[in-house]
Amino acid sequence: MASFFSDYGLMWYLEELNKKEFMKFKEVLKQEIIQYGLKQIPWTEVKKASRESLANLLVKYYEEKKAWDVTFRIFQNINRNDLSERAAREIAGHSKIYQAHLKNKLTQDWSRKFNIPTQDFLKQKFTQDECNRFEHLFVSKITERKTHTVLLKGVAGIGKTLMLAKLMLAWSEGLVFQSKFSYIFYLCCQDVKQLKTTSLAELISREWPSPSAPIAEILSQPEKLLFIIDSLEGLNCDLTEPELELCDNWVEKRPVNILLSSLLRRKMLPEASLLLTATPETFDKLEDRIDYTEMKIMMGFDESSRKMYIRGLFQDRNRAQEVFRLVRGNEQVFSICQVPLLCWVVATCLKNEIEKGGDPVSVCRRTTSVYTAYILSLFTPQRAHRPSERSRELLQSLCHLAAEGVWTDKFAFSEEDLRKGGILSGDISALLDIKLLLKSRESKRFYTFFHPSIQEFCAALFYLVKSHGDHPSKDVRSIKTLLFTFLKKVKVQWIFLGCFIFGLLHKSEQEKLEVFFGYQLSQKVKETLYECLETISVNEDLQEEVDGMKLFYCLYELEDDVFTMQAMSFMQHIKFVAKDYSDLIVAAYCLKYCSTLRKLSFSTQDVLQHEQEEKLLVCWQEVCSVLVRSNHIQILQVKDTNLDESAFLVLYNHLKHPSCAPQVLEVNNVSFLCDNHLFFDLLTHNHNLQHLNLSLTFLSHSDVKLLCDVLSQTECNIEKLLLANCFLSEQCWDYLSDVLRRNKTLSHLDIGTNNLKDNGLKVLCKALSLPDSVLKSLWLEACELTSACCEDLASTFTQSKTLWGVNLLQNALDRSGLALLCEALKQHNCTLHVLGLRIADYDKETQEFLIAEEQKNPYLTILSSI
């Protein structure tokens, strides 16, 4: 009876009673309460209650199961056994019926839902370890959370959908989540977005085995529901819709993006659990907008799995070893092999090249070269040197289709779409046979490319064989727009598109394409790309928007040293995030040509956290060398990075070089897994340093002592110091107070989101009240301050000769404390002009008081909007 105890269900059955039976129901209820000693429901409320109101009263006063037990007894008493029997059948049956339907749906059609290379995984029986992993998805570290939103992150084709299918199959077989979820509904964004507008009720009905789904019963216990929303990148939804546009009515039709946003942002069915999948780029964009309990990462094939998979395609063991060494030696190609589908592409491509007596090394030159060899081989008969004219036309038709798809976020194509592009029914069969196209997972009438990256490759190839002006769709934009869109990550679902265009311009790929198409391809594309990069050089805002790693991969695929040198000479601002060894290799390749940088921002995350291989440290050495080669770097930002001792020493040796003397140094969320004193030693030698930001980086009291020793030196020229959220301890306030007494350059101090409290502020206020204090702005946001500190602050306001702004956002100040501050602000000797408060944080009376004070004091600005 787990899924049907609800006021909705009760209401339906009470509606079945005629007026006379309904009055009798109320009379018998009165007797039941007395006879069974039930909790008393006020008779006046029962007497006047409608059917819906009575259902609400029963659920309110009794546990849901007890409410149904009482209702069943009364139905029998008034001779409506038919209702109690029907309800009992539905209570016991709907969830089980749906489970049986889902199991049948999942096991009937694997060949259509999943391609050959991964289909074998579905034949395995579920092990206890697998079931435990599924269950563990919804075990939250946040113990008080009852509902879950789990994010499952992984690159396209890594196996997320396959894992979801296995999870649903395990649930349908009764192996997992039996007491947790009564229903699991799967929503694929690629499929759902075709509907344009719909309701949640309609989406659920699409999954139901019969035309009429018991929607109200299903949704009556939302805490027993799991919605799986697969491939968020396919929806192109940014979750920025205004709150007023969101919907909480599950029968109301709304645009698909609004409907799913309402689920994701917990406007609709907030008690339900969610399991969301997307590519890393999509989650990077949406992560801050989703209140999630767990983030899981799918890694795909590990090294041994890749080795085993590649060996499985070769009968000759020595040949298999040779091929694996070749793949392992190219970090970019080896990296894409973690995706099962792409591992199959790489291995198959190399096998074909070896069988026809070609050079497998040239295939593994770059990622683009693998795709070129693979695609062109599909359209060239095995023993032929050239393709047929029809094969050329067919590939061009696919490139037209792919180009429009990447611009319109379309990855599933109807037969009509294919026909319009010149792809006939017979062509479709051929493309399915060579596995360039697959039938869509969600609809037999739609087709997708074998992998999204194949579609991106074909779209890139379109720009080399045609101009965007030749495409009948106006959605297909110019190559210049494409490059800027790619580099700025406007379309986060584009992973390789820009890189493929650069890679296809490499001499070896041009030669393959000329042989295939029978003519020399236009050389204007390379000139256009050069002009685009030149445009970036004169636009600082554009440089800030460009993702450095995207640019690096483009240039790395081109592998043209002269072009790369010219391109990197355009760049004065670069920011990049290196997430793995492959990223470091690519960054090192490009940065060695860089000598004009003024601003560098980078993150290496966990790549350099532990003891590393020598080749990785050599690569890191090459990355860091840009700090010496570009001797005009004014701003250096190191973010979200963990450095072991060896990696830190490499960085340290470059930072201490005389030519590396930035004016701004930001080290945010960085862990030095070594002796930190060397870092603070760097600060001593850089007399150019004016702005130091260590926010989000853990600083022990001994670290702060070392920092304050630097700040107290007469040679120190630091004017702005940010230590927000650095976990500063109580001892630190004495050190910082001493700095405020001695330092004559420090004008801005941010110590927000630290455990300062009133006593810590008192220590700082004593230093700030001294006649020779020079501090101009003090940021104290979220420092656990109360009104008890306001007397010290008010005194500082009137005694400091330089203090211009104080930020007190997110502190527990009441009206009495604020009144003290405002009174101090009126004094003629008060220099404060900006007081950081969010007026909306206070009650109406206090808001009126603050607004009035702001109006009285012409020199005061309350930062009410921050």
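Predicted model: local features only at pLDDT ≥ 70, side-chain atom pairs only at ≥ 80, totals over all residues.
1. Helices α39 and α40. Helix α39 spans residues 731–742 and helix α40 spans residues 757–768; their axes come within 8 Å and cross at roughly 10°. Angles under 35 degrees count as roughly parallel, and α39 is therefore roughly parallel to α40.

2. Residues between α39 and α40. On the α39 side, the contact is formed by W733, D734, L736, S737, L740 and R741. Their counterparts in α40 are G760, V763, L764, K766, A767 and L768. Sorted by class, this contact has seven nonpolar, two polar and three charged residues.

3. Helices α41 and α42. A second pair consists of α41 (residues 790–799) and α42 (residues 815–825), whose axes lie 9 Å apart and pack at an angle of about 10°. These two helices are therefore roughly parallel to each other.

4. Residues between α41 and α42. Helix α41 contributes C790, E791, L793, A794, F797 and T798, which meet G817, L820, L821, A824 and L825 in α42. The classes here are eight nonpolar, two polar and one charged.

5. The largest nonpolar core. This core has 273 residues, and F227, F576, W620 and F797 are those with the most contacts inside it. F797 is also among the α41 residues that meet α42.

6. Surroundings of W620. Leaving aside residues up to four places away in sequence, W620 touches L584, F602, T604, L608, L643, A647, V650 and L651.

How values were computed: Residues numbered from 1 in each chain as written. Heavy atoms only, no water. Axes fitted to C-alpha atoms, helices over the stretch in contact; angles between N-to-C directions. Helix = DSSP H or I, 4+ residues; strand = E, 2+ residues; numbered from the N terminus. Parallel < 35°, antiparallel > 145°, perpendicular 65-115°, else oblique. Contact = heavy atoms within 4.5 Å. Nonpolar A, V, L, I, M, F, W, Y, C, P; charged D, E, K, R; others polar. Core = buried A, V, L, I, M, F, W, Y, C linked by side-chain atoms within 4.5 Å. Buried < 20%, exposed > 50% of the residue type's maximum accessible area, 1.4 Å probe, protein only.
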